[in-house]
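Please look over the sequence and the model that follow, and then read on from the overall dimensions to a few individual residues.

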Amino acid sequence: MAESPKKKQRSQDDKGVAVLAYSGGLDTSCILVWLIEQGYQVVAYTANVGQDDDFEAIRKKALQCGAKKYVVKDLRRDFVVENIWSAVQANAKYEDRYLLGTALARPCITKGMMQVVKEEGADFISHGATGKGNDQIRMELSAYAMKPEIEVLAPWKMPEFYNRFHGRKDLLEYAKQSNIPITMSTSAPVPWSMDANLMHISYEGGMLEDPKNEYRDDMCEMTTDPTKGPDKPEKLEIEFKNGVPVRVTNLDDGTVKTEALDLYLYLNEVGGKHGIGRIDIVENRYIGMKSRGVYESPAATILIEAHLDIENLTMDKAMRRIKQTLSIRFTEQVYEGFWHSPENEFTRHCINKSQEHVEGCVTVLLYKGHTSVIARSSPKSLYNEQLVSMDVKGDYEPLDALGFIKVNAVRLKEYTRLRGTNPETKLA
């Protein structure tokens with residue numbers, strides 16, 4: 001690829017503008033200063049996806065470290081409407097348990113980052129993800145999908161960086177030498193790492209790397225210990241339309257939420273109070289290794305339980321089987337970093353189509369870590385009370401079941417006859 005005129009015009013010491021995904025922590029602050037040393041002008045970028053950060057303090061630190069500019073984008077509502085709602089429609093659970101809180105946030109964060117790249121005329125992006133995790137894949141694939149010519153500076157995969165900085169001790173020494181502000185939280189080692197957004201908080205590393213170690217209850221910030229939750233259950237009614245929640249009503253105190261972000265944050269608050277959505281799992285990273293993580297996802301847990309129920313009430317059986325297969329594909333695509341891909345766009349389109357008649361209300365009971373569905377109703381319900389009743393014959397002829405069973409038994413009879421085996425002998 002030919003070098004752009006803009007690059008040719010730069011001085012030898014000016015390598016251009018790099019947009020750095022910046023948290024204000026030790027790693028990305030050291031990376032910011034290091035990039036400047038290498039000749040890059042750095043725009044520090046933070047995405048507000050619901051983490052509890054002091055963005056003004058981060059801005060001051062970025063500028064103090066030498067950033068030419070600091071940009072924070074409020075992506076919270078976009079994250080809910082564009083990413084989380086798709087996961088709810090899909091009932092997305094990676095390997096049947098992980099609700100994809102980080103995996104869904106990364107393409108949203110990167111989308112905001114690429115907007116900053118355009119606004120600042122940058123040719124590079126940079127991040128502090130390591131070469132062992134999933135985040136490097138998710139961010140870089142998203143960036144390349146949106147801007148194929150973008151160049152990625154990933155210091156933890158660059159020998160000139162990782163051979164110089166072998167770990168936290170080296171970074172702290174570099175921070176002191178470079179006058180990078182070090183707070184108590186930055187300098188004090190924590191026995192785990194944490195990543196937070198409005199969908200979840202994830203914890204990994206440190207003491208959690210040994211799967212035999214139980215996680216500490218004081219680690220969790222989003223949920224109450226379920227055993228210490230309120231002794232009185234709380235009842236909510238969740239209304240869905242096109243497979244996404246449009247209203248939450250607290251049937252105990254009358255609270256009503258309808259705006260997407262408010263609704264989601266409210267479910268986090270109520271669910272967290274009751275200890276909803278804690279899991280401790282070992283999962284398979286896309287890059288080929290297993291990792292252990294603890295996750296807190298109260299609102300997502302409540303919504304997926306409720307959505308599963310209203311979907312089963314309103315969706316045809318055969319159609320739902322196809323949709324379940326698509327949901328698995330969606331979950332894998334998101335986990336592996338392919339949100340911004342033709343296959344994921346197609347999968348989301350199909351899942352969204354399947355949700356046209358998924359509407360109605362589901363009543364859930366929250367109590368000591370459990371979400372229990374206790375009632376549901378829908379104007380698009382496919383449930384026929386008379387047809388299924390044990391007391392009413394309805395529009396159904398029991399004799400028809402005889403032929404149905406006989407036809408289905410043909411295959412089983414022929415298999416046993418031709419193979420010469422009797423299934424009963426296998427049980428002896």
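A residue is called buried under 20% relative accessible area, exposed over 50% and partly exposed in between, with a 1.4 Å probe and protein chains only. By that scale D52 is exposed, since its relative accessible area is 79%. This is a predicted model, in which local features need pLDDT of at least 70 and side-chain atom pairs count only at pLDDT 80 or more, whereas totals for chains, interfaces and linings use all residues. Residues are numbered from 1 along each chain as its sequence is written, and side-chain values use heavy atoms, with hydrogens and water left out.

Taken as a whole, the protein has 428 residues, of which 46% count as buried, and its C-alpha atoms fill a box of roughly 85 × 55 × 45 Å along the principal axes. The protein contains 15 helices and 14 strands, these being DSSP runs numbered from the N terminus (helices H or I, at least four residues; strands E, at least two).

D52 lies in the loop between β2 (40–48) and α3 (55–64). Strand β12 (residues 290–296), by contrast in topic, holds S291, which counts as buried because its relative accessibility is 9%. The side chains of S291 and R285 are joined by a polar contact of 3.4 Å, a term for a pair of N or O atoms within 3.5 Å, where within protein one must be able to donate a hydrogen and the other to accept it, and residues adjacent in sequence count only if both atoms are side-chain atoms.

T224 is placed in the loop between β7 (201–204) and β8 (234–241), and at 30% relative accessibility T224 is partly exposed.
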